[in-house]
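Thanks for sending this one over.

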Amino acid sequence: MVPKLLLGLVLVALVVSGIDPYDRLTWLLETVWVIVGVPLVLVTWRRFPLTTLLCCLLAVHALILVAGGHWTYARTPLGDWVRDALDLSRNPYDRLGHFAQGFVPAILVREILVRRSPLRGSRWLAPLTVCACLAFSAFFEMIEWWAAVAGGSAADDFLATQGDVWDTQWDMFLALVGAVTSLALLSRWHDRQLPAPDARPATVPALVV
């Protein structure tokens, strides 16, 4: 029931965000992960149903993305409110987005590795999960770079650097912090929701230490 409610919420938010967004191209670039991710989850659900915890995290991440797509990350009302309340020099919504880019994928990667690799219970699980999140964050920064090369100033709203020359480094650092925080706070909760270990022997027993 919970996954269905979350799916409905995400789809409604996606449709609403697509109504008169600040910039149509920016909306598409920001929400493409939701547009591709929802069908992928539905197609693979029968063979790989996700835990409730992961479904909730993915839904929250999707809402962050669609809000950023509708207003652009530099203009979200929530970010403007935080900027004014804390007397910041910039809208911090982009920082939230990149923290979530590590926080949510950490549980997704962890779930895949626990259920589809011999890493369940291994000391390698956490560091490899963090490495995967950092790799994705770096890949996303490359996407932003390619968008800037292809679109020039038209890609400014997608980049959301707001004049910060260290924005790329901040983005990857916050993804790292998000991934580590997620594993520290949610790993035990996640373990309680994961299905029982597969009885089949591990294919790479040397990795399990």
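1. Axes are lines fitted to C-alpha atoms, for helices over the stretch in contact, and angles run from 0 to 180 degrees between N-to-C directions.

2. Please keep in mind that this is a predicted model, where local features need pLDDT of at least 70, side-chain atom pairs count only at pLDDT 80 or more, and totals for chains, interfaces and linings use all residues. Residues are numbered from 1 along each chain as its sequence is written, and side-chain values use heavy atoms, with hydrogens and water left out.

3. The protein has 8 helices and 0 strands, taken as DSSP runs numbered from the N terminus (helices: H or I, at least four residues; strands: E, at least two). Of its 209 residues, 41% are buried, that is, under 20% relative accessible area with a 1.4 Å probe, protein chains only.

4. Helix H1 (residues 2-17) packs against H3 at about 5°, and their axes are 9 Å apart; the two are therefore roughly parallel to each other. Contact here means heavy atoms within 4.5 Å. H1 contributes residues including Leu6, Leu9, Val10 and Ala13, while Cys55, Cys56, Ala59 and Leu63 are among those from H3. By class, this contact has 14 nonpolar, 3 polar and no charged residues. For these classes, Ala, Val, Leu, Ile, Met, Phe, Trp, Tyr, Cys and Pro count as nonpolar, Asp, Glu, Lys and Arg as charged, and the others, Gly among them, as polar.

5. How do H2 and H3 run relative to each other? The axes of H2 (residues 24-44) and H3 (residues 52-71) come within 7 Å and cross at roughly 170°, so the pair is roughly antiparallel. Trp27, Glu30 and Trp33 are among the H2 residues that meet H3, where the partners include Leu65, Gly68 and Gly69.

6. In the model, residues 27-45 are 95% helix and 0% strand, with end C-alpha atoms 27 Å apart. Residues 52-73 are 91% helix and 0% strand, and their end C-alpha atoms lie 28 Å apart.

Key:
Buried < 20%, exposed > 50% of the residue type's maximum accessible area, 1.4 Å probe, protein only. Parallel < 35°, antiparallel > 145°, perpendicular 65-115°, else oblique.
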